[in-house]
Amino acid sequence: MFSLEGITNTVHEWLNNHFSPTLALLTEFVLVGVAAIALFALLGLGLVWMERKVAAVMQIRLGPNRVGPKGIFQTTADTLKLIMKEGLTPDGADKFLFNLAPYIVMIVAMLILAPIAFAKNFQIWDINIGVLYLSAVSSLSVIGVLMAGWASNNKYSLLGAMRSGAQIVSYELSAGLSVISIVVMTGSLSINDIILSQQNGWWIFKGHIPAFISFVIFIIAVTAETNRAPFDLAEAESELTAGFHTEYSGMKFALFFLAEYINIFIVCAIGATLFFGGWMPLHIGHWEGFNHVMDYIPSSIWFFGKTIGLIFLIMWFRWTFPRLRIDQLLNLEWKYLLPISMFNLILMTIVAIMGWHF
Amino acid sequence: MVEEIGTNTEGDLIINVGPQHPATHGVLHLVLTLSGETIKKVEPHLGYIHRSIEKMCESLSYRQFIYVTSRMDYLSSHINNHACALTVEKAMQIEVPQRAQYIRVIMDELTRIASHELWWGAMAMDLGAFTPFFHAFRERETITDIMEKTCGARLTMNYMVPGGVMVDLHPDFQKDVKSFIQLYKSKFEEYNELVTGNIIFQNRMKGIGILSKEDAISYGCSGPVARASGVHCDIRKLYPYEIYSQLEFDEILDTAGDSFARYMVRLKEMQQSIRIVEQLIDNIPEGEFQAKTKAVLKLPKGEFYQRVETARGELGVYIVSEGGTTPYRIKFRSPGFSNLSALEHMVKGLKIGDLVAAMGTLDLVIPDIDR
Amino acid sequence: MIAMTNEELKIKLTEFLPTITFEEGGEWLNVFVTPRELRSFVQKIRTSEDVLFDYLFCLTCVDWKTHFNIVYHFSSTTYRHNFVLKVKIDRANPEIETVSDIWRTAEMLEREVYDLFGVKFLNHPDLRRLIMPDDWQGWPLRKDYEDAINMIKL
Amino acid sequence: MFIKDYIKDVYGAVKSLLTGMRMTGYYFTHHKEIITEQYPDNRATLHLAERFRGEVVMSHDENNEHACTGCSACEIACPNGTIKIINKFDITPEGKKKKAIDTFVYHLELCTMCNLCVQACPTDAIKMAQNFEHSVYDRSKLTKKLNKDGSKLREGIE
């Protein structure tokens, strides 16, 4: 049976047999880095293509269909174009911060990748405070956005960055609370433990209504956190032309663009891990036969399937809804999502204490 | 122009929206004074697409000047042409054949639907929803196809001539219009599902950009903008031209005066236009499509004014004639110009997002404002 | 709420200001007022319950080479009657009182007329070029305006 | 009461959002609703309306004869100065001078396709063609000569 775990183990053994342990470890570091960057590139290409196709079909269009079969190399062509473009730095900009900002955003996106389990026993770093790490690092990206907006010396950028700051800081709260509600159930912050606790069913089914509510809140909050429509106020193109990345061009713009899609992937991966069991196949209670059949599907396919399903959901939002206004956005968080998720956390705690879940 | 860069003395942010900005649908230039996100002042700067049509028309003959007016409000170019043709006919007392009148009214109403379709999509796009734009274009495209078949062009048709219409209807016209009406009726519910009922949309529109009845009159607003504030101003009802007096349709009025009211008025207006087309399409009388006119038109000395209802409001054509073959002075009273002047009043104290929403419901066409 | 005919309007308007003169012809009543009496006259027609001309739907200027005519088209949203007000002003030094405080729409319309004809509207709150660039020379819609670069004579 | 309204609000809001999503979801699953026309690929099947106004052409018959008498009616009717007619005088066999066109100059770059010239033509010599792909790399190519070389006036047209 094909398994990603097998590959890592083979590579590990081969390296240790042929080189000294230090060299083997260093090589593994490099390999992991290369793999992460390759994944980024692939995800960027794939998700941008997917977004364009989803948007096109919902808008009764065909979408990209010129470069490659069904236009799958369209993004490659776009990237080539962006690489060849001049990366302009405006005259009045703070040049250091202006050029640093896209890298900050990108590095933050890369950092969050660490504790995510892509398949069974296939994880860069199984940190025991995985969930805490995720929410701590993911809120760092706002610094990059603020930096970009401030350093551009453009009023549209500044407004976009300020909006984005207010938005991400607010929505961190309810995203965090809905994550905690799952932590309450499992009693562990480790991603691996959370996945293993869904051995006999995913939390979204096991956790009754509270889990479903926290899933809905989580999806709304992460849509806002990644600056996606209908919460794309930071780059609201009909109001602020392009928001915080108005002044960026060429590859620097491409990094922002890529980071947006990587962030979507990561938050959807977290959502899939917490609520849909990550790589855990669909198991229902004690139906041994059914569970056994499900186990035949490789765990990585489960993980990517769930994640892409959630990504599709977020794209579906984007191509259906109009944008909120900034005060409505904050109202939604502070008047609706936060109270609901607090109340929901209490419910969840009761469910966990009483052992009402399966 | 110094104060348009940076901030003013009170520390307010001054920001240029346009002339190239996604929400201004063209080259409108607004200078906003912002305190944070709150709008303190909106100052329109016009002229980026000013072609001085009024001056151009002074050297064009009465047959030639009609085509220029298609370029003013290009979304209701039929109705602009109609207004010009009507003015010339009124001045020369040309009797327009019944068939031509029917054709003209059907074309006007189809243009109105097409214009509102585009507005609907563009306004939803201003609010950040992209999908409605393409859905609106599906229906609009059918109308442009009908126009192309009969008039020979898709946007600037130049189909009206003094005395009637340029060519007779295409043989397929009635069939095509009927199938369009069917398509439109089957898709109309989608508009409500996708946009009107949406809670985000309603929150963005309700109670935003309120224009009271008194202000609407004082600012000279017309069309759906004024009707949403409760002003009776449908020229088709008040000063009927052609065969509008014989038709059954309602003047859509709302009293709220906010963005949502303007939105609803336009949506309902589309259905009234469908109603008008349905009444006429089976009853187009046989006969001449153009009255016999002289090759060279000469207007008698005097002043002539004709008001028509375009998709955006009241269009007035004011011709001062010295008795020659060209107008001495021509003035187009464009609806967008007056509607734009009410913008600052509507959005003062609101957020940038509201400015975009309110501007979307004004349905501005910049060449119409600049002329 | 019955619209007055042109004859009735003629009588009514003469009551407001006996010095007005009328011009025959046209669909609507054409009334001439001197620039000095314009303000008091328009205030009366705006506020008087009998006529209530609250809707200024067109304001423009006609260059007659010897003088300018400022042309106001008024309508009443209550009674639905219309009339045309004309004010003859000097062409060498075109000045007229603004009506923008009575009809708000006049603010933009007067700026347009100022921009294209060079008519100064006294007491206008913000009389600047509206359409042409701020540093433009000349008044494009005047009959004697010549622009060798931008005007193409066919 | 407050809680009831609050829940009602949330329910109504979620319902309206789901209605919208159902619609886009419908289009996502129904690919036959796609209306895109793949323009340069469908040139073969592209059907243009016969009245579509693309450019002014002069129709010539198989004997390379046209119907233009050079009366300049179109030139006068044109609002933009798109048409310029240069006349010459032919000597007929009887020795009389006869007016005929030398060059029918048509500036496509100035033309607005208003159809006034076609309407003005007394002999139906010019008509509107359906060609709409006018882009060229050199602007001077847009100035066209409509009468073909060596063409002459058809017999019987005055």
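## Helix packing and chain contacts

Helix 4 of chain A and helix 6 of chain A are roughly antiparallel to each other. The model described here is predicted. Helix 4 covers residues 95–112 of chain A and helix 6 covers residues 141–151 of chain A. The angle at which these helices pack is about 165 degrees, and their axes are 8 Å apart. Since angles over 145 degrees count as roughly antiparallel, the pair is therefore placed in that class. In passing helix 6 of chain A, helix 4 of chain A makes a left-handed crossing.

On the side of helix 4 of chain A, the contact is made by A:Leu97, A:Phe98, A:Leu100, A:Ala101, A:Ile104, A:Val105, A:Val108 and A:Ala109. Helix 6 of chain A contributes A:Ser141, A:Ile143, A:Gly144, A:Val145, A:Met147, A:Ala148, A:Trp150 and A:Ala151. By class, the residues of this contact are 14 nonpolar, two polar and no charged.

**Contacts between chains**

Five pairs of chains touch, and among these pairs chains A and B have the most contacts. Chains A and C, in contrast, do not touch, and 24 Å separates their nearest C-alpha atoms.

The contact of chains A and B takes 24 residues from chain A and 27 residues from chain B. On the side of chain B that touches chain A, two or more residues come from each of strand 1 (13–17), helix 4 (98–126), helix 5 (131–151), helix 7 (199–205) and helix 14 (352–362) of chain B.

Chain D also meets chain B: 21 residues of chain D are in contact with 20 residues of chain B. Helix 1 (2–29) and helix 3 (116–120) of chain D each give at least two residues to the side of chain D that touches chain B. Helix 1 of chain D gives the most to this side, with eight residues.

The table gives the classes of residues for one side of each of these contacts.

| Side | Nonpolar | Polar | Charged |
|---|---|---|---|
| Chain D, touching chain B | eleven residues | eight residues | two residues |

**A residue of chain C**

C:Gln137 is found in the segment after strand 7 (120–122) of chain C. This residue, C:Gln137, has 7 C-beta neighbours inside 10 Å and therefore counts as exposed, the cut-off being 12 or fewer. Between C:Gln137 and C:Tyr55 there is a separation of 82 residues in sequence, and their C-alpha atoms are 33 Å apart in space.

Terms used
Residues numbered from 1 in each chain as written. Chains lettered and ligands numbered in written order. Predicted model: local features only at pLDDT ≥ 70, side-chain atom pairs only at ≥ 80, totals over all residues. Contact = placed C-beta atoms within 7 Å. Helix = DSSP H or I, 4+ residues; strand = E, 2+ residues; numbered from the N terminus. Axes fitted to C-alpha atoms, helices over the stretch in contact; angles between N-to-C directions. Parallel < 35°, antiparallel > 145°, perpendicular 65-115°, else oblique. Left-handed = near helix turned anticlockwise from the far one by under 90°. Nonpolar A, V, L, I, M, F, W, Y, C, P; charged D, E, K, R; others polar. Buried ≥ 20, exposed ≤ 12 C-beta atoms within 10 Å, placed from the backbone.
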